[in-house]
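Me: I have a model open and want to go through it piece by piece. Can we start with the overall layout and then look at details?

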Amino acid sequence: MNIKVKDIAIKSGVSMATVSRYLNKSGYVKEETRQLIKKAIAEIKGEDKSYSQLKNIAVVLPDLSNMFFTDVLKGINEEAGKLGCNVLAFDSNEEIEKEINIIESLKDLNISGLIITTTVNNNMEIIKKHIQNMNSLEIPIILIDRDLRFCDFDGVFIDNKKGAFDGVDTLISEGHKEIAIITGPLQYKPGIERLEGYKQAYESNELSVNEKNIYEGDFQVDSGYSLTKEIIKNNKDVSAIFISNNMMTLGAINALNEMKIKIGEDISILGFDDLDFFNYVGLNISVVSRPTSEMGKIGFNILYKKLSDDEPSSTQNIILKPTVVLRGSEKLASN
């Protein structure tokens, strides 16, 4: 059962606007009124026996072929299983139209909460409309990995800027001066922040950024493949490539193998996000590693607390720190 603002308002005898202020902590509500609302919520829960039964949690992720997101989902599933919740996973395929349709379809399902990595770009009109649509579900919503402007949703994120800074700074410390970057889509915050971290590492080391070494990818394997070939063809002085996610790193490895270019000998690479695959096939790829499963666990636990507590809690934005894992592919060939 999802308790609706309208039902609480009718039960407590106060306006929907007042209930909304209480639930979202967005304005003053008298203590007497707060108690009426709390009592109404408790009574509604008590009247509907299904409330204490299995809760359905929707999870909307942009690419379930990417191990980053499957690891996030794994973390969510682990915590949900402990607490008797059912997880319904959806793949938006990095398409905002598909994501909007998924959100619309949730209105017909018995969903208690939503965990989402959104594909919304910087279009203000789409952002505001999408937030209104999600708010109309009248359930707790937790963002994972990508933030969303103009909303007060809770979220679990990674310090993308620091991760990219640390990765590129490591390459510079190994003697690299000409470092190409394959960014993520620059309409999304992770892509923007990782590029900013790249530039800050150069500035911190009193080096100039060569704009010709910046290539915009799309977080997909094919862009990593094609852009790596382009980098090798057009940038003869590049000695290292910083790649902004694991899928593009796979594409880059494929391209370099095809060109008979040896990683760690002819060129160095450092990727954002780890993959077990690298170890399975003996590739010593250095990476900026994220606690991906932990992101899912934290996101679920924030959501579950919101579902369990009658008293609304403040919005939480949890920022986790990535770590650089060195395996040798960052070494300058002449070292």
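Me: Into which domains is the protein chain divided?
Reply: This is a predicted model. The protein chain is divided into domain 1 (5-45), domain 2 (56-158 + 292-320) and domain 3 (160-290).

Me: What distance separates the centres of domain 1 and domain 2?
Reply: Taken over C-alpha atoms, those centres are separated by 25 Å.

Me: On to the sheet. In what order do the six strands come?
Reply: The order is S7-S6-S8-S9-S10-S12. The sheet is open and its pairing is mixed.

Me: Which strands stand at the edges?
Reply: Strand S7 (214-216) and strand S12 (323-325). Each has a single partner strand, so one side of each has no neighbour in the sheet. From one strand to the next, the twist averages 15°.

Me: In which sense do S6 and S8 pair, parallel or antiparallel?
Reply: Strand S6 (residues 179-183) pairs with strand S8 (residues 240-243) in the parallel sense, over four bridges.

Me: What stands opposite isoleucine 179?
Reply: Alanine 240 in S8.

Me: Which strands does helix H8 lie across?
Reply: Helix H8 (residues 189-204) lies across S6, S7 and strand S9 (268-272). Relative to S6, H8 runs at about 165°.

Me: How far apart are the end C-alpha atoms of H8?
Reply: They are 22 Å apart. H8 has 16 residues, which at 1.5 Å a residue should span 22 Å, so the two values agree.

Me: Which residues of H8 are buried?
Reply: The buried residues are Pro190, Gly191, Glu193, Arg194, Leu195, Gly197, Tyr198, Ala201 and Tyr202.

Me: And what do the buried residues of H8 pack against?
Reply: They pack against helix H7 (160-173), and also against S6, S7 and S9.

Me: What about the backbone just after H8?
Reply: Glutamate 206 takes a positive phi of about 55° there. This residue lies in the loop between H8 and S7.

Me: Is glutamate 206 buried or exposed?
Reply: Glutamate 206 counts as exposed, at 75% relative accessibility.

Me: Now glutamate 138. What is its phi?
Reply: Glutamate 138 has a positive phi of about 55°, although it is not a glycine.

Me: Where is glutamate 138 found?
Reply: Glutamate 138 is in the loop between helix H6 (124-135) and strand S4 (141-144). Its relative accessible area is 30%, so glutamate 138 is partly exposed.

How values were computed:
Residues are numbered from 1 along each chain as its sequence is written. This is a predicted model: local features need pLDDT of at least 70, side-chain atom pairs count only at pLDDT 80 or more; totals for chains, interfaces and linings use all residues. Side-chain values use heavy atoms; hydrogens and water are left out. Two strands pair if DSSP finds at least two bridges between them. Helices (H or I, at least four residues) and strands (E, at least two) are DSSP runs, numbered from the N terminus. Axes are lines fitted to C-alpha atoms, for helices over the stretch in contact, and angles run from 0 to 180 degrees between N-to-C directions. Contact means heavy atoms within 4.5 Å. Buried means under 20% relative accessible area, exposed over 50%, partly exposed in between (1.4 Å probe, protein chains only). Domain bounds come from an automatic or database domain assignment. The expected span of a helix is 1.5 Å times one less than its number of residues.
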